[in-house]
Amino acid sequence: MLKISRLDKNSIASRIGLKKDDVIVSFNGENALDMLDVAYFDSQAQFMLTVERKGKQITFEVSKDVNDPMGWDFYDECYVEPRWCANKCIFCFVDQLPKGQRKTLYVKDDDWRLSFVSGNFVTLTNVTDREIARIKDKKFSPLYVSVHATDDDVRKRLLGNAKARPIMPLLSELASCGITLYTQVVMCPDYNDGQVLRKTMEDLFSLYPAVQNLAVVPVGLTKHRCGLSDLQQVNKACASATIDMVESFDVQCFAKTGRHFVYCSDEMYVIGEREIPPYEYYGEFEQIENGVGLIADMRYQFNLALQDAVAAKKGSFTVVTGVAATPFIQEVLDEAKRLFPELNANVVTVTNKFFGETVTVAGLVVGQDIVSTLNERTDVGDTLLLPRVMLKETEDVFLDGMTLDELRKAVGKKIVITADGYELCQAILECEV
């Protein structure tokens, strides 16, 4: 039920006569299904809108500029409830979580609607033919697709889903209708690396520019894998070989299109002990949420702020991060100290005991590991700097359930959350704005 909770004053919705608690029944005579229909028609210039009010249906004609919003809000229960995943992926991170955590961590969603709204990666294995027709008709684009392999037998094994429909015909169908696609491969050694990965890159590039790019990320394995498939960690040799293959193939893509097409995630470069590509390599950073280009962007943003720095801030500062990001945080701190020798700042690396020491990214560092690490150190500054990725997107809570306030009390320090390299630099240096 799409029930209006609020109307902006003097908004289009108010002017045509809509009221709070009106329930949208249909758009252009078709049943209104969910908030995606609201978003779609909000971007249209003309449409018919039917609502139910006190048991009666009333139809309104909307005529507006495509860039003008309707100016309405809806009750929370109107928003999309995630659809559960139909797969049993052999690398599923949710299956590798320790028991006894908050229930929301164990939700396995695989909902194409959230892919469109929020950029979530989905497999499209539970999308019906009717929904595919809706995607094409309404041009719900872009979508973010976990391909993993275009070899369908390999893909079925990875997804643990023998009924998964062939992926390339589906992607081709969406591409032919103007749907933009961002894709990813979670690379599992001996499954979808090597020649399987090469085929995947070739197949997906054949759909360029509808398929805008491909990210290759190493499988993440925690210590909580009892009873699960026997998977191998991506090691230095595997990561390095993968980078060579990806970069070599991408050279061909760039020669044909003038754009980079396939990227390895930062974690792959860290594991392979390879140099992170420069900032310019990543273009529009379209897969930065997937760990592609985070380090390059952090360096760039830090250096932007550094150009405006005039002095070190008073006090002592400790940047808290995971194993993977430590060398790069140390690098920018060293540069800041070179320019401002009076800066008192260091970096503390948190080894992941909660998920296991093979998990090295900052985004999976938890509160209890931060506390235990800091309690063992004697060089912790008065102010702690933590990256925003450690916390839940909409709440100040870590993956282990510890809140930011609880962490403050446990360590007795001031804590500053930074979203990027620019904010990190501003936190430790006085910058002219």
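Predicted model: local features only at pLDDT ≥ 70, side-chain atom pairs only at ≥ 80, totals over all residues.

In soluble globular proteins, nonpolar side chains tend to be buried together.

Leu-171 can be followed in more detail: when residues up to four places away in sequence are not counted, Leu-171 touches Leu-124, Val-145, Val-147, Leu-181, Leu-204 and Leu-207.

Two helix pairs are set out in the table, since two packed helices are described by the angle between their axes and the distance between the axes.

| Helix pair | Angle between axes | Distance between axes |
|---|---|---|
| α10 (residues 294-307) and α14 (residues 421-428) | about 40° | 6 Å |
| α4 (residues 129-138) and α6 (residues 167-176) | roughly 30° | within 9 Å |

For the pair α10 and α14, the axes lie 6 Å apart at an angle of about 40°, which means that α10 is oblique to α14. The crossing in which α10 passes α14 is right-handed. On the α10 side, Met-298, Gln-301, Phe-302, Leu-304, Ala-305 and Leu-306 take part in the contact, and they meet Gly-421, Tyr-422, Leu-424, Cys-425 and Ile-428 of α14. Sorted by class, the residues in this contact of α10 with α14 are 9 nonpolar and 2 polar, with no charged residues.

For the pair α4 and α6, the axes come within 9 Å and cross at roughly 30°, and therefore α4 counts as roughly parallel to α6. Here Ile-132, Ile-135 and Lys-136 of α4 meet Leu-170, Glu-173 and Leu-174 of α6. By class, the contact of α4 with α6 comprises 4 nonpolar and 2 charged residues, with no polar ones.

## A residue in helix α2

Is Asp-37 buried or exposed? Asp-37, which has its place in helix α2 (residues 35-42), has a relative accessible area of 3% and is therefore buried. Leaving aside neighbours within four places in sequence, Asp-37 is in contact with Phe-27, Asn-31, Ala-32, Arg-134, Lys-138 and Phe-140.

Key. Residues numbered from 1 in each chain as written. Heavy atoms only, no water. Contact = heavy atoms within 4.5 Å. Axes fitted to C-alpha atoms, helices over the stretch in contact; angles between N-to-C directions. Helix = DSSP H or I, 4+ residues; strand = E, 2+ residues; numbered from the N terminus. Parallel < 35°, antiparallel > 145°, perpendicular 65-115°, else oblique. Left-handed = near helix turned anticlockwise from the far one by under 90°. Nonpolar A, V, L, I, M, F, W, Y, C, P; charged D, E, K, R; others polar. Buried < 20%, exposed > 50% of the residue type's maximum accessible area, 1.4 Å probe, protein only.
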